[in-house]
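Have a look at the model first, then we'll go through it by topic.

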Amino acid sequence: MKAVRISGYNQAPSLEDVDVPEPGPGEVLVRVRAASLNPLDVKLYLGYMQSFFPLTFPYTLGTDVAGVVEKTGSLVSHWRAGDRVVVESQPTKGGALAEFAVVDSSNLVRLPDSVSFTDAAGLPIAAGTAWQALFDIANLSKGQTVLIHAGAGGVGSFAVQFARQAGARVIATASGAGLEIVRKLGADQVIDYRTQDFESMVSDVDVVLDTIGGETQQKSYGVLRTGGALLATSAPPDEALAKAHKVSGSFVFHQPDATLLSKVVRKVEDGSTKVLVDSYHELSDFKAAFDHQGSGRAKGKIILSIAS
């Protein structure tokens with residue numbers, strides 16, 4: 001089979017011919033039909049996450065997989081060959097950017113016929129992170145105000161939709177084409193971060209979801225109400241700053257969660273949530289896709305279609 005692999009940290013990925021892996025006990029072999037990229041993939045590649053997720057090389061990139069069950073290992077009783085599935089692989093295992101991937105059967109979610117493989121591949125990390133941050137950690141509720149940075153990004157585009165559906169007032173930052181995108185997704189107020197200072201435009205916010213970090217995160221403490229919450233996905237919040245502003249700060253790192261993934265799949269199935277796609281690529285075009293993910297300029301998800 002074909003697989004996109006790296007031989008070490010910060011080593012150029014290459015498309016290689018490798019043996020189709022065999023599923024072990026409790027595992028399933030999935031014929032991959034689509035996969036998506038995430039900022040996590042770039043961080044793993046660069047070695048930024050090796051203290052948390054040390055990789056074994058050669059390593060096949062990618063964690064978000066949608067496809068069809070090809071074969072089951074022993075101790076697997078709930079899945080059969082031909083089942084349509086979506087799954088998030090463990091970061092240390094990877095394997096999404098390949099024609100076949102071995103995954104833990106406990107992380108699999110059944111995919112309805114009405115949800116495409118390409119849409120499903122965009123869900124696991126991005127939608128899961130947005131949901132976890134807003135509801136599992138911040139307990140966002142109707143009538144509250146949330147500021148979502150990079151509202152047209154992978155996580156941000158789901159967060160805007162989820163927050164709107166929950167009855168929250170949604171403020172989102174974006175730029176360029178992203179401004180109209182977040183309006184269409186349901187943001188009540190849109191701020192162009194290139195020409196406008198969000199600090200001077202919003203205050204008394206209940207929740208900030210920061211997917212950018214750096215100066216943006218530093219400024220975000222000042223727009224929160226006392227007792228508000230800052231959720232960060234790119235870098236852990238500054239505890240001293242959070243304490244000084246009398247707010248809470250939490251670092252959000254999503255792990256595979258089949259229950260949560262099932263929930264967001266149903267939201268796509270019923271039409272209440274859309275998967276914002278930046279671009280589609282073939283597996284052979286992985287370099288352009290990976291470079292675009294690394295640029296930080298993607299509007300929504302970068303999807304790779306994989307025919308095997």
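Lys287 counts as exposed, at 55% relative accessibility (exposed means over 50% relative accessible area, buried under 20%, partly exposed in between, with a 1.4 Å probe and protein chains only). Keep in mind that this is a predicted model, where local features need pLDDT of at least 70, side-chain atom pairs count only at pLDDT 80 or more, and totals for chains, interfaces and linings use all residues. Residues are numbered from 1 along each chain as its sequence is written, and side-chain values use heavy atoms, with hydrogens and water left out.

- Lys287 pairs up with Asp291 in a salt bridge, 2.9 Å from N to O (the rule asks for a side-chain nitrogen of Lys or Arg within 4 Å of a carboxyl oxygen of Asp or Glu).
- Both residues sit in helix 9 (residues 286–295), four residues apart, or about one turn of the helix; helices here are DSSP runs of H or I with at least four residues, strands are E runs of at least two, and both are numbered from the N terminus.
- Asp291 is partly exposed, at 43% relative accessibility.

**The buried face of helix 9**

- Phe286, Ala289, Phe290 and Gln293 are the buried residues to look at in helix 9.
- Looking down the axis of helix 9, its buried residues fall within an arc of 95 degrees, so they line one face of the helix (the arc is taken over the directions from the helix axis to the C-beta atoms).
- The cover over the buried residues of helix 9 includes strand 1, strand 2, helix 1 (39–46), strand 15 (277–282) and strand 16 (301–305), with contact meaning heavy atoms within 4.5 Å.

**Salt bridges between strands**

- The total under the salt-bridge rule is eleven.
- Asp17 and Lys2 make one of them, at 2.9 Å from N to O.
- Asp17 belongs to strand 2 (residues 14–17) and Lys2 to strand 1 (residues 2–6), so this pair ties together parts that are 15 residues apart in sequence.
- Asp17 is exposed at 60% relative accessibility, while Lys2 is partly exposed at 33%.
- Asp206 and Arg225 form another salt bridge, with their closest N and O atoms 2.5 Å apart.
- Asp206 is in strand 12 (residues 205–210) and Arg225 in strand 13 (residues 224–232), so the pair ties together parts 19 residues apart in sequence.
- Asp206 is buried, with a relative accessible area of 13%, whereas Arg225 is partly exposed at 28%.
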